[in-house]
Amino acid sequence: MGSASSMLTQYDIEEVQEHCDHLCGNFVLSCYLFPRWMTWGFGSVSQQEIVSLYERFCQLDRNAKGFISADEFLSVPEFAMNPLSQRLLKMVDGLNFKDFVAFLSAFSSKASAQQKIELIFKVYDSDCNGKVSFNDIMEVLRDLSGPFMSNDQREQVLVQVLKEAGYTKESYLSIDDFFKVFGSCGLKMEVEVPVD
């Protein structure tokens, strides 16, 4: 798509629409991109909506490289303050515009459970081996709970949750196991992306 500072062509817009249709299906992504809420309906996304998202992308891509670096993502205060930001940075560093839109799609209120679970799995599977171990989950719990829980408390809670789901401390969870555990719980993951 060229440099981030260039204008989108009709071809670029249609390419993003096709990419979103292919990866994302029909969903709505709520992003606070300007001084008002905007709802993005990928699958039937308008050209103006793509241009608006692209403008937000360009605001984050401060050096006009055509992708957003980890440091540029950290310029969004809500992202920087997220206890999982370091894990998420591994996933978002170097995203081009199309991948930026696809990444944000998992946080949509209309994203499928599959999209949300796949993102959660990637957050837990930090070594990208396709399996999540007890220790992987403990690391995420440590990031989320900080000093409010001791390691013993985290371990007790996790052992109990795994036991209730039919797993043990020695189990390795695959993406299918995540679908089994999270598939029917009605995940709610939504994000606000503010300007400045």
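## Annotated domains and model basis

In an unreviewed entry, UniProt lists residues 48-83 and 112-147 under "domain: EF-hand"; such annotations may be inferred rather than shown by experiment. The model is predicted, with local features requiring pLDDT of at least 70 and side-chain atom pairs pLDDT 80 or more, while totals for chains, interfaces and linings use all residues. Residues are numbered from 1 along each chain as its sequence is written, and side-chain values use heavy atoms, leaving out hydrogens and water.

Residues 112-147 are 67% helix and 0% strand, and the end C-alpha atoms of this span lie 33 Å apart. Helices are DSSP runs of H or I with at least four residues, and strands are E runs of at least two.

## Packing of helices 8 and 9

Helix 8 (residues 134-145) packs against helix 9 (residues 151-164) at about 125 degrees, the axes being 10 Å apart. Angles run from 0 to 180 degrees between N-to-C directions, and axes are lines fitted to C-alpha atoms over the stretch in contact. The two helices are therefore oblique to each other, a class left after roughly parallel (under 35 degrees), roughly antiparallel (over 145) and roughly perpendicular (65 to 115).

On the helix 8 side, the contact (heavy atoms within 4.5 Å) is made by F134, I137, M138, L141, R142 and S145. Helix 9 contributes N151, R154, E155, L158, V159 and L162.

## Aromatic pairs

The structure holds 8 aromatic pairs, defined by ring centres of Phe, Tyr or Trp (its six-membered ring) within 6.5 Å. One of them joins Y54 and F57, with 6.2 Å between centres and 20 degrees between planes. This pair is stacked, the term for planes under 30 degrees apart. Y54 and F57 are 3 residues apart in helix 2 (residues 47-60), and so are separated by about one helical turn.

How values were computed. Rings of Phe, Tyr and Trp (its six-membered ring) pair if their centres lie within 6.5 Å; planes under 30 degrees apart count as stacked, over 60 as edge-to-face and the rest as tilted.
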